[in-house]
Amino acid sequence: MGYRFTDRDLELLSYLAEHRLALPTHVAVLFGTSAAAATTRLNKLADAGLLNRQPPFPGEPGSYRITRTGLAQVGSRLPAPRVDVRAYEHDVGVAWLWLSARSGTFGPLREIISERRMRSLDGARDRDADPLAVRLGGFGPHGREKLHYPDLVLRTNDGRRIALELELTPKSRTRLETILAGYGADPRFDGVVYLVDRPAVARSVQAAARRVGIADLVRVQRMRSTVSRKASATAVAAEHGATGRRNGRIPEVMR
């Protein structure tokens with residue numbers, strides 16, 4: 001390819017392997033540099049075939065996704081992420097959440113495990129092995145066990161396992177209670193942190209946690225938006241066109 005990789009290039013590719021997308025502002029925070037310098041580095045990797053550039057939303061820079069070639073460069077066995085404009089707000093938020101966890105917002109950590117990695121590992125596990133996901137009980141379509149994946153799982157230095165849930169839109173009461181009951185029944189989890197951007201969603205999570213008897217396991221933390229309203233509205237409109245249901249804004253963890 002004629003491109004000489006630096007340690008930062010490999011670190012950036014490893015970061016992108018864990019996420020469905022990243023913005024130049026994510027990379028600027030990752031390396032403590034300017035958005036312009038981050039964009040230059042991302043474009044060089046894209047020109048080398050290691051990343052795909054995605055068209056920008058109104059008022060926002062374009063996003064970047066890792067390619068199969070990029071994944072191979074860092075020895076990752078994760079699949080190449082798929083484009084889904086409806087998930088844009090959530091994917092941007094999770095990438096911020098990972099960076100926030102890395103910076104120490106949730107205390108000293110031994111490991112941060114992404115949803116993408118959990119799904120990949122569970123897909124390759126032995127049939128008799130326990131999944132990394134939370135079991136919800138019963139089976140779904142095609143006889144598959146019903147599972148729920150946190151957005152991130154944190155392993156703390158003192159051995160605790162904490163799930164992070166980026167909750168931008170309210171789930172139905174039944175769905176939310178089923179997920180929380182799954183956490184309550186799973187002894188591997190020492191806590192669940194729900195990150196929300198609206199008081200109504202916070203109240204919904206807290207009420208559901210009380211109803212299933214795990215209020216002491218669940219913490220709710222507020223978020224704030226960092227993406228333009230036009231970009232958010234475009235993603236929401238695309239989502240409404242496909243599902244007619246979801247709504248919300250792109251959050252960043254409050255620091």
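In which sense do β6 and β7 pair, and over how many bridges? Select both strands: they pair in the antiparallel sense, over four bridges (two strands pair if DSSP finds at least two bridges between them). Before moving on, note that this is a predicted model, where local features need pLDDT of at least 70 and side-chain atom pairs count only at pLDDT 80 or more, while totals for chains, interfaces and linings use all residues. Residues are numbered from 1 along each chain as its sequence is written, and side-chain values use heavy atoms, with hydrogens and water left out. Helices (H or I, at least four residues) and strands (E, at least two) are DSSP runs, numbered from the N terminus.

Now click Val-153, and you'll find Ala-163 of β7 standing opposite. Four residues sit between the strands in this hairpin, and Gly-159 takes a positive phi near 95° there.

Stay with β7 (residues 161–167) and colour it by burial. Seven of its seven residues are buried, so the strand is largely enclosed by the rest of the structure; buried means under 20% relative accessible area, exposed over 50%, partly exposed in between, with a 1.4 Å probe and protein chains only. Arg-161, Ala-163, Glu-165 and Glu-167 point one way, while Ile-162, Leu-164 and Leu-166 point the other way. In a regular strand the side chains alternate between the two faces of the sheet.

Move on to Val-201 in helix α8 (residues 199–211). Val-201 counts as buried because its relative accessibility is 3%. Leaving aside neighbours within four places in sequence, its contacts (heavy atoms within 4.5 Å) are Glu-167, Leu-168, Thr-169, Pro-170 and Val-196.

Now select helix α6 (residues 115–123), where Glu-115, Arg-116, Met-118 and Asp-122 are buried. They cover an arc of only 165° around the axis, which puts them on the same side of α6; the arc is that of the directions from the helix axis to the C-beta atoms. To see what they pack against, show α1 (7–17), α4 (68–73), β3 (109–114) and β6 (152–156).

Last stop: where does α2 meet α3? Show Pro-24, Val-27, Ala-28 and Phe-31 in α2, which meet Ala-35, Ala-38, Thr-39, Arg-41 and Leu-42 in α3.
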